[in-house]
Amino acid sequence: MAGPTASSNFSLPLLLLLLVAPASDCRAEPDPKAALFAFGDSYLDPGNNNYINTTALDQANFWPYGETYFKFPTGRFSDGRLVSDFIAEYAGLPLIPPYLQPGVRSWRHGANFASAGAGALAETFKGSVIDLKTQLGYFKKAATQLRQELGEAKAELTISRGVYMFSIGSNDYNSPFLTNSTILSSYSKSVYAGMVISNLTKVIQEIYGIGGRKFGFMNLPPLGCLPGIRIIKAEQGGRCLEEASSLANLHNHALSKLLAKLEHQLTGFKYSLYDFNSNLRRRMNHPHKYGFKAGKVACCGTGRYRGVSSCGGKRIVTEFELCESPGEHVFWDSFHLTERIYEQLARQMWNGDGIRSSSSPNSLKNLFDGL
């Protein structure tokens, strides 16, 4: 039998070296880009309500929702993409899918827990939506799964570098006008707003405790001017319902104070607060200035301002009208916006235009870039 060759003499010690070398961590690497974690309501929900036991009032998984960009209904309450979709794009991330979507196993890029109709209060549309506390519970599960996927150190890096985006509160203040609730007669406006802010505060603090440091917020829109709220009191002739708008203003003032307080109390806490209220109001009142033709009449629905929530014909009222060009409208349906305006608002949020913050300034871009 022939003796060993020079190459085989070299391979034996190399093999021994490989056998005794410490094993490397073969788990997945965290994404070098900051992840996006979204919480809240229909302004951010990419379709979580597709996977819960609810009604068509809180779902948008039927035509004509999604008709322009996706060409099919995804569960988003718009003709196309939402603010969160554009922010993910600007951050160099893929579209963040609904947390509840079957088959999603990795949260390295982030997760979206938002649920159309959800509020900070568990009582808001209870049983039909995923309230904010439950969304927090889902985030905790995702954080545990991240640790299993990446390992403790890499998961902590992903969580600390991530941006936590919120749109919450609109349904807490709208629901009493849309249901038979008497809650606003049980509490003063300031006490009720305090309850909403208190629940939001607890969620922010828990995310901070888990490792989150960077937060992006949208304040509440002029709720009384949404087409579906304008039509509630016919005797007002279609004017904005100031009782609803005043609640939004009360909330927005309290939210601004809360975030400034947390910035001083919590080490490393950074935030961006986008003035959704003023920027939407400008486009409603001066649509042509921003490239729209209709600032108050929705594209899809029926009745005055198309304020009856019938878009798609699967809700209580089945008759509906559909405009030819959603991009000419600020509102897509009775309560929600078109993709075109979401893109405008997202661009402002990203660049730091129209933000409200004690920091000078904190755009979402700065948060994602770690500045």
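Is glutamate 321 buried, partly exposed or exposed? With a relative accessible area of 40%, glutamate 321 is partly exposed. The terms work as follows: buried is under 20% relative accessible area, exposed is over 50%, and partly exposed is in between, with a 1.4 Å probe and protein chains only.

Some ground rules. This is a predicted model, where local features need pLDDT of at least 70 and side-chain atom pairs count only at pLDDT 80 or more, while totals for chains, interfaces and linings use all residues. Residues are numbered from 1 along each chain as its sequence is written, and side-chain values use heavy atoms, with hydrogens and water left out.

Now the salt bridges, meaning a side-chain nitrogen of Lys or Arg within 4 Å of a carboxyl oxygen of Asp or Glu. That rule gives a count of nine.

Glutamate 321 has a salt bridge with arginine 306, and their closest N and O atoms are 2.9 Å apart. Because arginine 306 lies in the loop between β6 and β7 and glutamate 321 in strand β7, the pair ties together parts that are 15 residues apart in sequence. Helices (H or I, at least four residues) and strands (E, at least two) are DSSP runs, numbered from the N terminus. Arginine 306 is buried, at a relative accessible area of 17%.

Next, lysine 140 and glutamate 206 form a salt bridge, with the closest N and O atoms 2.6 Å apart. This one links distant parts of the chain: lysine 140 is in helix α3 (residues 132–150) and glutamate 206 in helix α7 (residues 189–210), 66 residues apart. Lysine 140 is partly exposed at 35%, and glutamate 206 is partly exposed at 36%.

Then there is glutamate 328 with lysine 293, a salt bridge at 3.5 Å, N to O. Glutamate 328 sits in the loop between β7 and α11 (339–351) and lysine 293 in the loop between α10 (276–285) and β6, so parts 35 residues apart in sequence are tied together. Lysine 293 counts as exposed at 57%, whereas glutamate 328 is partly exposed at 29%.

Arg81, Glu89 and Glu339 are joined in a network of salt bridges.

Last, the surface. Leu57, Ile316 and Val317 make a nonpolar patch of about 290 Å². Patches take residues with over 30% relative accessible area and no salt bridge, joining like charges within 9 Å and nonpolar side chains (Val, Leu, Ile, Met, Phe, Trp, Tyr) within 5 Å. Areas come from the Shrake-Rupley method with a 1.4 Å probe, and for residues only the protein chains shown count as cover. Isoleucine 316 is in the loop between β6 (300–301) and β7 (321–322), and counts as exposed at 75% relative accessibility.
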